[in-house]
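Colleague: I am new to this structure and would like to learn how to read it. Could you take me through some features one at a time?

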Amino acid sequence: MSRKYIVGGNWKCNPATMKEANSLLKEWKKSPPLVDPSKVDVVICPPALWMSSLGESIEGLGMKTCAQNVGKNDAGAFTGEWTAANLQDLGITWTLVGHSERRTKYGEKDEDCAEKVAKCQEAGLGVILCIGETLDEREGGKTDEVNKRQLAAVLPKVKDWSKIVIAYEPVWAIGTGKVATPDQAEETQAAIRNYIKGAVSADVADKLQIQYGGSVTPDNCAELITKPNIDGFLVGGASLKPTFMDIVSTVGPSKMVDMWPKFEEKMKKEGCNETAIAAFKYNYGVLVSGADVMIPESKLDPVDKLPEYEKLTEKPDPRLLKKTLILKLNGGLGTGMGLDRAKSLLTVTEGNTFLDLIAQQVASMKKDFNTDLKFMLMNSFSTSKDTLEALSKYSDLGTGSDLEFVQNKAPKVTASDMSPADWSAETAHEWCPPGHGDLYPAMLGSGTLEKLLKKGYRYMFVSNSDNLGATMDLKILTHFVHSGAPFMMEVAERTDADKKGGHLAVDKASGGLLLRESAQCPDEDEKEFQNVAKYKFFNTNNLWVDLVALKREFRRNDGALPLPVMKNSKTVDPRDKASTKVLQLETAMGAAIQCFQGASALVIPRSRFAPVKTTNDLLALRSDAYKLTEDFRIVLAPEREGVPPDVKLDGMYKFTDAMEKLIPNGPPSLINCKKLVVEGPVTFAKGVVFKGTVTVKNGTGSEKELAAGVYEDKTVEL
Ligand SMILES: O=C(CO)COP(=O)(O)O
């Protein structure tokens with residue numbers, strides 16, 4: 001029969017302070033074990049004084065609090081004791097009885113244990129009964145005899161065997177670092193079960209959970225747990241560390257074995273291709289392994305020097321254009337800005353959407369370089385139709401699979417049990433886009449990579465469709481090809497405004513480049529993460545990829561690039577916050593820098609980086625702080641010297657239609673504005689000019705107009 005596993009953490013008289021205990025629980029919370037709670041119980045035995053105050057945090061982790069000891073008495077004159085009923089009263093449903101330290105250091109006898117078990121049975125309390133032999137006893141061949149004696153004393157008191165767990169803890173293995181071998185533990189525990197079978201019944205013996213305890217660590221638990229008579233562990237020293245969760249995860253039946261077939265079947269049924277399935281399998285495997293996704297400071301070195309765009313000396317080689325694909329990522333919806341369509345359909349300048357400008361950029365590049373240019377989009381299942389329709393007027397861009405490939409979709413994962421999310425009310429909600437790191441598997445799985453290579457394309461320039469500064473630059477292309485790097489990232493210098501975003505760093509172990517995003521930074525390293533003088537560069541998501549190297553990496557990694565996996569907690573129906581909690585697994589395309597040996601980076605001027613993430617960005621972009629160049633790029637006006645205006649609109653302007661109401665007469669002048677803050681319902685008259693730092697406030701609640709004029713370094717109250 002299959003018994004439920006049970007893992008206990010016996011903290012003994014540790015740690016020294018409750019503060020430390022709380023921070024350990026916090027650590028556990030950060031990377032909880034991803035095991036099925038219906039298959040593994042976890043109990044934690046803190047010092048008695050803290051049981052009540054820590055109980056909530058322990059239970060918040062899906063674990064139970066367990067006492068380390070209990071009195072053999074009822075309520076009364078028993079100074080220093082507590083009763084089984086006291087524990088029940090506090091909501092504590094488990095206790096250890098007969099731990100070897102109680103037996104040897106406090107003189108507890110088999111008979112005391114028996115009385116304690118009797119009281120616990122009366123109170124309906126679960127007991128983990130600890131038994132085990134000393135070294136002398138083992139060496140004297142008395143192991144089974146000792147265990148039987150300790151058990152025999154207690155057996156007559158047990159009426160309800162569902163409330164008893166046995167912890168076999170050989171005294172010589174406790175706190176000594178000398179763990180029993182898996183065979184030793186298995187042999188002894190099989191003998192214990194056999195004894196119970198004879199003394200009680202086969203049914204009770206079969207159902208009885210028997211833990212092993214004594215120097216269990218994350219390193220030695222995996223082999224022990226393969227033994228049929230080991231149903232979990234009672235862990236001492238190793239339960240005082242964050243890595244106790246690794247022991248729990250190891251004991252938990254692998255979700256990969258349990259759940260993966262369900263995901264695979266669902267994806268196949270949906271028509272997902274093999275590459276998409278392999279990519280999701282990799283991501284899901286990372287999720288359920290409970291792997292530590294953090295990148296601590298100790299593993300990194302800063303990047304000191306990088307080649308700079310302005311200093312590139314290579315002579316631009318126009319012949320390379322024929323071998324190069326320009327790819328725009330266009331999978332994003334403008335939900336954050338109140339749109340339910342592709343974000344690139346947003347109007348940027350009079351009458352021109354992002355897509356219009358991109359199409360015109362491509363046309364202009366073809367003219368400038370006097371050559372045909374291969375252009376493609378990666379759409380998502382929600383942007384493809386609208387985008388192709390909008391671009392149909394630009395016939396020379398290409399059509400169909402010549403113009404686009406579509407990003408994969410990934411199943412959402414139910415947060416509580418890691419199963420595929422199920423939402424029959426709207427099955428579309430069971431799927432999500434897997435982040436732009438899906439670029440690589442989507443290219444491979446759609447056949448696009450193979451097709452491009454066959455046609456002689458070797459290089460790819462990728463950028464986001466909301467970054468209108470990212471155009472084909474022959475100088476950069478030539479530098480990339482001449483450098484021989486398989487992958488190159490355009491980075492920009494971090495300013496204070498960028499300190500919360502990710503940064504480029506050197507991985508000490510490999511010497512290669514990697515990106516650290518804020519979700520990958522442990523709390524204690526946050527200060528260094530935000531240190532823009534130390535970590536000077538951020539990823540602009542303008543990337544250059546050698547397609548031959550990409551294909552090689554896929555082959556080396558069994559068809560799935562090992563990108564860092566980010567898990568986003570959401571609800572299955574994004575608009576219904578009460579619906580099932582799910583995890584969406586995503587990867588980021590820039591993170592691939594760590595997958596390519598010899599990948600490089602280039603520092604570019606900010607003019608190649610003008611993304612629109614919010615209506616703040618959009619307002620700035622529409623103003624005279626930016627210029628539309630002849631080749632349809634939107635770049636910061638030279639007067640700005642590379643620094644965009646810092647616009648902070650009230651939350652009420654989050655959506656584009658609300659922002660339009662702020663500027664019914666067109667955008668204000670921001671060319672000399674450092675920072676603009678708008679609070680409350682305002683409309684700008686025609687001819688408003690902001691200079692320096694200006695705040696416009698309307699606290700009245702009813703809309704007010706800001707009259708034409710120059711506002712410089714002041715707060716205007718309307
Ligand atoms: O006594 C134990 C658990 O109750 C085992 O302690 P260690 O895991 O530190 O050896």
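Colleague: Which residues of helix H2 are buried?

Modeller: This is a predicted model. In H2, which spans residues 51-60, the buried residues are Met51, Leu54 and Ile58.

Colleague: Why do they line one face of the helix?

Modeller: Start with the general idea. An α-helix has 3.6 residues a turn, so residues three or four places apart point the same way. Now the case here: looking down the axis of H2, its buried residues fall within an arc of 80°, so they line one face of the helix. On the other side of H2, Ser53, Glu56 and Gly60 are exposed.

Colleague: What covers the buried residues of H2?

Modeller: The cover includes H1, E2 and strand E3, residues 64-67. As for what comes after the helix, H2 is followed by Gly62, whose phi is positive, near 80°.

Colleague: Now take helix H11. How many of its residues are buried?

Modeller: Eight of its eight residues are buried, so H11 (residues 244-251) is mostly covered. The buried set is Phe244, Met245, Asp246, Ile247, Val248, Ser249, Thr250 and Val251.

Colleague: What covers the buried residues of H11?

Modeller: The list includes strand E1 (5-10), helix H1 (18-30), strand E2 (40-45), helix H10 (221-224) and strand E8 (233-235).

Colleague: How should I read the nonpolar cores?

Modeller: In soluble globular proteins, nonpolar side chains tend to be buried together. In this model the largest nonpolar core has 125 residues, and Val462, Met488, Ala592 and Ile593 touch the most other members. Helix H13 (residues 274-289) gives the most to this core, with seven residues. The core draws at least three residues from each of domain 1 (275-608) and domain 2 (615-717). There is also a second, separate core of 66 residues, which includes Trp11, Ile44, Met63 and Ile192.

Colleague: Which residues does Ala592 touch?

Modeller: Leaving out residues up to four places away in sequence, Ala592 touches Gly437, Tyr440, Phe487, Leu561 and Leu563.

Colleague: And over the protein chain, how many helices and strands are there?

Modeller: The protein chain has 23 helices and 34 strands. Of its 718 residues, 43% count as buried. Among contacts between residues at least 6 apart in sequence, 71% join residues at least 24 apart.

Colleague: What should I look for in the backbone angles?

Modeller: Look at omega and phi. A cis peptide bond joins Asn14 and Pro15, with omega about -15°. Pro15 lies in the loop between E1 and H1.

Colleague: Are Asn370 and Asn541 buried or exposed?

Modeller: Count the C-beta atoms around each one. Asn370 has 8 C-beta neighbours inside 10 Å, so Asn370 counts as exposed. Asn541 has 20 other C-beta atoms within 10 Å, so Asn541 is buried.

Colleague: Where is Pro574?

Modeller: Pro574 is in the loop between strand E23 (566-571) and strand E24 (581-586). With 13 C-beta neighbours inside 10 Å, Pro574 counts as partly exposed. The C-alpha atoms of Pro574 and His429 are separated by 8.1 Å, and the two residues are 145 residues apart along the chain.

Colleague: Last, Val688. Which residues does Val688 touch?

Modeller: Not counting residues up to four places away in sequence, Val688 touches Pro668, Leu706, Ala708 and Gly709. Val688 lies in strand E31, residues 688-697. Its 23 C-beta neighbours inside 10 Å mean that Val688 counts as buried.

Colleague: Which residues come nearest to the ligand?

Modeller: Of the 14 residues around the ligand, Asn10, Ile174, Ser215, Gly236 and Gly237 come nearest. The residues of this shell divide into five nonpolar, eight polar and one charged.

How values were computed
Residues numbered from 1 in each chain as written. Predicted model: local features only at pLDDT ≥ 70, side-chain atom pairs only at ≥ 80, totals over all residues. Near = placed C-beta within 6 Å. Nonpolar A, V, L, I, M, F, W, Y, C, P; charged D, E, K, R; others polar. Core = buried A, V, L, I, M, F, W, Y, C linked by C-beta atoms within 7 Å. Buried ≥ 20, exposed ≤ 12 C-beta atoms within 10 Å, placed from the backbone. Helix = DSSP H or I, 4+ residues; strand = E, 2+ residues; numbered from the N terminus. Domains from an automatic or database assignment. Contact = placed C-beta atoms within 7 Å. Arc of directions from axis to C-beta.
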